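Work through the exercises below with the sequence and the model open. Try each task before reading its solution.

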Amino acid sequence: MVTIAQVLTWESTTLDTSADNLYALRKQLIDLQDEVDDSRVPGTWYGESATAATKEHSALVDRLRDVTAEVARVAASLDLAGADIKAARTDLEGALDVARQNGLEVDHTTGDVRDPKTYDDEFERLAATVTVMSVTTQLSDALKKATEADADLARALGDASDGTIDGGDGTLSDAGDQLPAGLDGMTDQQIAAKYGQDVVIDSLRAWLGVEAELATWELEGYAEAGYKVMGDGKVVMDLTLEAGLGREIGVGGAEVDASAGGTTNLQLTFKDQAEADKFLDGLAGAAGDLGLLDMGNVPAAVAGNVADYVMKQDITSFKTGVYGKASAEFESAVASGEAEGRVDGYYDWVNEEYGIKVSASADAAVGEKDSGLSGSASLSGEIKFKGDQMSEAVFDGRISAAVANDKLDLGLPASTSTGQAVDVQLKMNEDNPRFEDFKAAVGSGDIDGAIDIAYDDAEVTVRSTTTESYGSEEIDIDAKVAELEIEYGAEGEVANQVWVRQGGQGYWVDIDPKAVR
Amino acid sequence: MSVDSPYTGGHAMAGFTFEAVVADIDSSADGMTSAAETVGAADPSKDLGSIGTALAGGTSGAAATALASTWSTRFSSWSTDAEAHATARRNSAAAYTRADHEASQRLQAEAFANRGPAVQQDR
């Protein structure tokens with residue numbers, strides 16, 4: 001295992017730079033597909049020499065595919081090793097900080113942790129021993145992570161050197177689709193858990209009307225429920241509620257004024273589908289738990305019951321509309337976009353952040369011009385702020401597979417389902433190495449430039465989905481993710497294929513939706 | 001590589017003209033030359049040299065150095081082989097042209113020898 005002293009000198013940025021250069025080389029090699037096709041033995045050429053030329057051409061292309069796969073595999077492995085080593089070094093420095101604060105001595109060669117102090121008090125001695133053990137474990141874990149990252153990278157380099165990386169027999173783009181060595185041996189479920197926490201696999205959206213299982217919200221006239229199964233198995237439920245019910249729910253000191261915005265939005269996160277379904281099962285009973293004293297004011301009593309029930313859950317977001325304040329609060333960030341599209345603002349009482357949403361209809365504001373998106377293609381934008389600083393930006397939309405391939409070097413098959421269009425989400429946040437560039441572009445009103453940066457370096461999720469709309473009659477829905485009895489409109493969406501690229505990384509990971517379901 | 005005369009292949013060129021076949025072969029060689037130039041100009045080894053320093057004491061450094069050397073040879077040899085293949089194709093096309101020229105000369109000579117007295121009377 002490597003030593004603390006060694007890891008403290010390791011430079012993950014060098015690996016990132018090497019990865020970027022090799023990705024550029026991969027692209028050069030993949031772009032040779034035209035030359036490969038053009039140099040096929042022409043169909044007009046017959047005879048022994050043509051046969052020999054075909055054989056030689058095939059062998060050359062095979063070697064080219066292999067070398068493309070090698071470059072792609074090494075680039076992706078450098079990418080992942082860079083991220084892992086950066087994380088290991090951060091963990092290591094954190095543990096050394098704790099050691100320093102507690103007056104512990106750490107041997108940077110052996111990793112031994114020693115407390116030079118003496119204790120008369122037994123309790124203090126025990127507490128110090130626990131601290132030593134904790135720091136030792138943190139250091140050991142960080143070193144293990146760094147050692148494994150180095151070993152994975154060395155394996156990829158060795159495989160490339162030995163010529164054991166097979167580029168297959170497809171296109172050069174196929175050959176260039178390689179995962180980092182660090183993912184070797186991981187199951188589909190493990191990959192989905194690692195890369196799928198922000199990915200919606202299946203979803204059900206229901207507009208709740210007069211008679212629904214979640215009938216409590218009809219009292220306020222309108223409610224919308226979203227049920228999403230994420231790539232890591234968690235379930236996120238979005239409930240858009242009337243302000244009247246929102247008033248009953250107090251989160252983070254929220255004081256909801258019905259006049260401030262039309263709706264409130266509540267987000268609950270469940271660890272799995274069983275827990276989410278249990279919540280829904282219990283909701284109707286909790287809502288209808290009325291006493292004699294409630295008979296004079298049933299709507300308020302039901303709203304109160306629902307609020308009490310909801311408050312017991314893991315509320316991961318509670319947003320109230322602040323549309324009236326949006327233009328003032330976010331004047332500089334919205335820039336030219338504000339005048340051209342509808343902008344909604346909100347405040348999230350749980351996460352203590354402001355946000356603005358630019359609807360898809362405001363195409364000009366989110367980069368329709370020169371963005372390569374055409375026709376019905378459009379992206380909606382959402383930008384979040386903590387204090388005065390932008391903390392995250394997300395763009396969503398549906399674009400053609402051809403545009404996705406062009407913008408993202410993705411190599412989607414032309415036969416991608418749903419009208420050859422895919423759902424794309426681009427996410428930029430503070431962890432992204434190009435977030436400052438992105439913020440500068442947004443701040444100056446250059447949304448097109450910001451989206452181009454996002455296409456290059458954002459965390460990207462691409463989903464090929466099947467959508468099914470349900471009728472407006474009262475029906476029972478079994479959309480694989482939930483059963484809801486509703487009476488208005490509902491829409492289910494099932495992901496057929498999902499591709500994920502993490503922020504600042506250059507390789508794509510396929511997530512198998514079946515591994516999550 | 002042997003040279004197949006388009007006139008002895010038995011396919012009667014399937015409706016293609018002789019000139020078109022030669023042009024197709026030359027064109028296909030151009031594609032291979034272009035690929036050979038791109039691969040030959042690439043220098044993958046330069047991106048690997050810094051890994052040993054970046055991960056001092058790790059195992060990747062030595063592996064990166066070995067791969068840099070291997071890739072230099074592998075890229076270079078692919079480029080050389082691809083260009084050699086392109087050259088062989090052009091040689092085939094040229095051989096076709098030569099064969100055609102020689103065949104043409106033979107036919108003209110035979111035609112001249114077979115003309116007989118009637119030809120001379122026309123003069």
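This is a predicted model: local features need pLDDT of at least 70, side-chain atom pairs count only at pLDDT 80 or more; totals for chains, interfaces and linings use all residues.

**Exercise 1. Find where pLDDT stays under 50 in chain B, and count the contacts there.**

Solution. Start with the scale: pLDDT is the predictor's confidence in each residue, from 0 to 100. Residues 1-14 of chain B stay under 50. The model still has 28 contacts beyond four places in sequence for them. Two residues are in contact if their C-beta atoms, placed from the backbone, lie within 7 Å. Next, go to residues 119-123 of chain B, where the pLDDT is also below 50.

Residues are numbered from 1 along each chain as its sequence is written, while chains are lettered from A and ligands numbered from 1 in the order in which they are written.

**Exercise 2. Which elements of chain B have the lowest and the highest mean pLDDT?**

Solution. First list the elements: chain B has four helices and zero strands. Helices (H or I, at least four residues) and strands (E, at least two) are DSSP runs, numbered from the N terminus. Helix α4 (residues 117-122) of chain B is lowest, at 49. Helix α2 (residues 51-54) of chain B is highest, at 93. Then take the whole chain: its mean is 79, and 76% of its residues reach 70 or more. For the complex, the predictor gives an ipTM of 0.77 and a pTM of 0.73.

**Exercise 3. How many residues does each chain give to the contact, and which element of chain A gives the most?**

Solution. Chain A supplies 44 residues and chain B 43. On the side of chain A, α4(A) gives the most, with eleven residues. Now look at one residue, Leu157(A). Leaving aside neighbours within four places in sequence, Leu157(A) is in contact with Val74(A), Ser60(B), Ala63(B), Ala64(B) and Leu67(B).

**Exercise 4. Which residues of helix α14 (residues 401-408) of chain A are buried, and why do they line one face?**

Solution. Apply the cut-offs: a residue is buried if 20 or more other C-beta atoms lie within 10 Å of its own, with C-beta atoms placed from the backbone. Ala401(A), Val403(A), Ala404(A), Lys407(A) and Leu408(A) are buried. Seen down the axis of α14(A), these residues fall within an arc of 160°, so they line one face of the helix. The arc is that of the directions from the helix axis to the C-beta atoms. Asp409(A) follows α14(A), with a positive phi near 50°.

Conventions
A residue is buried if 20 or more other C-beta atoms lie within 10 Å of its own, exposed if 12 or fewer, and partly exposed in between; C-beta atoms are placed from the backbone.
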